Structure formats: structure tokens, C-alpha cells
Amino acid sequence: MIARPSFTRAGLALGLAFVVIPADPLPAQQTIDRTVVPAPASRAPVLRVPKWTSSTLSNGARLIVVEKHDLPLVAVSIDFVGGTSSYESPDKLGAGSFAAQMLSEGTTTRTADELSDAQQMLGTQISASVDRESGSIRFTALRDKLAPALSLVADMLEHSTFPDSALDRIRGRALVALVQ
């Protein structure tokens, strides 16, 4: 049996009265003459583009850094050029997205639960995705947790095990989504 809340007529009417009657009257409707061109602002807005640096790592990857020191956070985005349209064969559509989902299911050094616990302890959530033209792995971490978070990402990328139990679960989820 489903429990339903009960309302008295007085309580319902009182609740509706609070919803319908505004506390302050609405401001008077302004009329705008759309035939008159508005006057320009006294000064143009200032565009502040953040400074960034770009360098090439020894493995050929391009590193772009944008510094902003307002918060003790570091946002990391590892982007890959080329996605499912470049690397998936027509008979294996969805394999790239499937592989991205499997990255968090276990490595040779950690189970899926251990990966999840490590992310929780670091205060981050690592997400991987692949679309038609690119792929990415992203996370945000506190500055003092950056090294362990990067180590966790490296473990996920270099030592993924793609366990059968997770494979079956994610395959089942994908099939349900297709049916829906």
C-alpha cells in the first residue's frame, strides 16, 4: 500500500494562498519604445582572457596550463583526438564508450570498490567519455591531492582489467537502454 499525505481543506487553502498571493506588488510595467536606438554604455566592457602556457611533453602530448589562484583546486582534462568515428569499425559500434565506462571497474592493483573509495578519499570523481570525434578523462581535485589523483588516473589508463562481472553488468545496462 502506498502512503499518501493527507491535507485538510484549511491547510490546503492556506498553502495555496501563500503560493498565489505575492508578498510585494509587482513593479509597474515599463513601456519600451523599440523605434529608438539605445544609448551606448559609458565604457566598453573589458574582456579578461586568462593567461595560458602550452608545451609539448617528451611523449608528444601537448600540455596546456591555465592558472587561476582564487581557489585551491586543480581541474584536469586529458583530451584525446579521434573518437568512435575514427577507431570503431561499423560492426563494433559502442566499443569506445563501453571501454570508457570499464576504466573505473578495476585495475591490476585495485578493485572497482577500491577505485571508488580512493576517489572518495581524494574528494574527486574521475570521469571518462568517448564521443564521435574525441575522448576525455576529467576530474577536479584539491591542489594537495593532485599527485595522488593523477596516479589514480594513470593506474586506470595503464592497468585496467575489464573484469567479466563488470563487463556483463555494463553490457546488460546497455541492452536495457537500447530496448527503452
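This report covers the fold, surface, hairpin and salt bridges of a predicted model.

## Overall architecture

The chain contains 6 helices and 5 strands. Their order along the sequence is α-β-β-β-α-α-α-β-β-α-α.

Of the 180 residues, 18% are buried. Among contacts with a separation of 6 or more, 63% join residues 24 or more positions apart.

Strand 1 spans residues 52–56, and strand 2 spans residues 62–66. They pair in the antiparallel sense over 5 bridges. Thr53 has Val65 of strand 2 as its bridge partner.

The hairpin has 5 residues between the strands. There, Gly60 adopts a positive phi near 95°.

## Salt bridges

The structure has 5 salt bridges. Side chains of opposite charge can pair when their charged atoms come close.

Arg138 and Asp79 form one of them, at 3.4 Å from N to O. This pair links distant parts of the chain: Arg138 lies in strand 5 (residues 134–142) and Asp79 in strand 3 (residues 73–81), 59 residues apart. Arg138 is partly exposed, at 42% relative accessibility.

Lys68 pairs with Asp70, their closest N and O atoms 2.7 Å apart. Lys68 and Asp70 are both exposed.

Another salt bridge joins Asp168 and Arg171, with the closest N and O atoms 3.3 Å apart. Both residues belong to helix 6 (residues 164–179); they are 3 residues apart, so about one helical turn separates them. Asp168 is partly exposed at 47% relative accessibility. Arg171 is also partly exposed, with a relative accessible area of 40%.

Definitions and conventions:
Residues are numbered from 1 along each chain as its sequence is written. This is a predicted model: local features need pLDDT of at least 70, side-chain atom pairs count only at pLDDT 80 or more; totals for chains, interfaces and linings use all residues. Side-chain values use heavy atoms; hydrogens and water are left out. Helices (H or I, at least four residues) and strands (E, at least two) are DSSP runs, numbered from the N terminus. Buried means under 20% relative accessible area, exposed over 50%, partly exposed in between (1.4 Å probe, protein chains only). Contact means heavy atoms within 4.5 Å. Two strands pair if DSSP finds at least two bridges between them. A salt bridge is a side-chain nitrogen of Lys or Arg within 4 Å of a carboxyl oxygen of Asp or Glu.
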